[in-house]
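Here is a short briefing to read alongside the structure. Have the sequence and the model open as you go.

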Amino acid sequence: MRHVIALDVGGTGMKAALVGVDPEPAAGRPDAPPQAPEHPVLLHQARRATGRERGPEAVVDDILDFAAELRAHGEKHFGQSALAAGVAVPGIVDAENGIAVYAANLGWRDVPLRRLLGERLGGVPVALGHDVRTGGLAEGRIGAGQGADRFLFVPLGTGIAGAIGINGSVEEGAHGFAGEIGHIVVRPGGTACPCGQYGCLERFASAAAVSQAWAEVSGDPDADAADCAKAVESGDPRARAVWQDAVDALADGLVTALTLLDPRTLIIGGGLAEAGETLFTPLRAAVERRVTFQKLPSIVPAALGDTAGCLGAGLLARDLLNTTSTTPRR
């Protein structure tokens with residue numbers, strides 16, 4: 001069975017899959033040309049720790065070893081090697097040249113990951129993508145943004161990033177920095193951000209920011225954003241104040257983004273979105289209060305959870321395979 005390798009590298013763990021690429025008959029039309037399934041067919045899934053405590057070189061070695069094991073699994077169980085691979089990594093990514101430029105949480109710089117993986121996998125084509133943009137690709141095509149010609153995917157986790165979706169693809173920007181909504185300044189002169197600015201969105205509205213604020217207010221150093229959400233639901237006024245501050249900051253950042261991008265659908269994911277309507281009800285209201293001439297997009301929760309990056313990597317690999325198979329040889 002023909003397949004590709006999908007690999008999502010995170011700060012603490014790696015998720016991987018073998019994704020089928022064999023076409024299926026068009027529904028109700030047995031005489032029609034077969035079509036590749038829109039939703040990736042997962043033939044095999046695996047996870048393992050990233051092991052960043054052992055240093056960046058060890059992490060790269062583990063990625064290469066993991067990919068080689070996936071290739072061997074495909075050969076043993078599906079009768080052939082993977083035809084391509086897609087890998088999503090955090091940090092700054094030069095997708096065009098296949099280089100993992102920088103990742104603070106993994107400690108690497110200028111890793112030619114596409115070349116290294118291609119060599120380890122016997123010369124198959126490899127697509128390298130930014131983790132959030134890759135997850136956004138999956139959410140846009142097969143998740144909460146399915147059918148939307150323009151969407152913005154914003155996961156609220158340790159930080160805040162974004163993926164700008166346009167007609168089934170994700171915009172990378174001229175230098176690979178497109179979508180960094182977490183570094184829109186929403187509170188000028190506010191909390192210092194590691195990026196060098198003051199008052200960045202992610203310092204006020206990320207899951208990490210809410211966790212820190214609630215830990216300070218509640219006096220419990222182990223309290224996190226999920227605890228704050230529960231306290232909001234139980235009516236704790238201190239929690240409601242912390243939560244509303246985060247919602248207001250997030251709404252300010254999102255309105256700036258939708259003013260620039262005019263998305264049809266705004267997809268919110270990450271740990272903070274797990275609070276469900278405790279987040280979405282006040283957030284929709286806060287965004288609506290702020291818009292004037294702008295068109296209000298649909299604001300919806302992400303649908304794919306922590307599988308988005310891996311599914312997106314599979315889509316990158318399938319796209320690459322389709323591109324290389326249709327490009328005439330010279």
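In which sense do strand 6 and strand 7 pair, and over how many bridges? Strand 6 and strand 7 (residues 108-111) are antiparallel, with three bridges; strands pair if DSSP finds at least two bridges between them. This is a predicted model, where local features need pLDDT of at least 70, side-chain atom pairs count only at pLDDT 80 or more, and totals for chains, interfaces and linings use all residues. Residues are numbered from 1 along each chain as its sequence is written, and side-chain values use heavy atoms, leaving out hydrogens and water.

**Hairpins**
- Strands here are DSSP E runs of at least two residues and helices are H or I runs of at least four, numbered from the N terminus.
- Ala103 has Trp108 in strand 7 as its bridge partner, and Gly107, in the four-residue turn of this hairpin, has a positive phi of about 75 degrees.
- Strand 5 (residues 92-94) runs antiparallel to strand 6 (residues 99-103) through three bridges, with Val93 opposite Ala100.
- Four residues separate strand 5 from strand 6 in their hairpin, and Gly98 in the turn has a positive phi of about 70 degrees.

**Cores**
- The largest nonpolar core has 43 residues; such a core is a set of buried Ala, Val, Leu, Ile, Met, Phe, Trp, Tyr and Cys residues joined through side-chain atoms within 4.5 Å, buried being under 20% relative accessible area with a 1.4 Å probe, protein chains only.
- Helix 7 is its biggest contributor, giving twelve residues.
- A second, separate core of 31 residues includes Phe66 and Trp108.

Terms used
Buried < 20%, exposed > 50% of the residue type's maximum accessible area, 1.4 Å probe, protein only.
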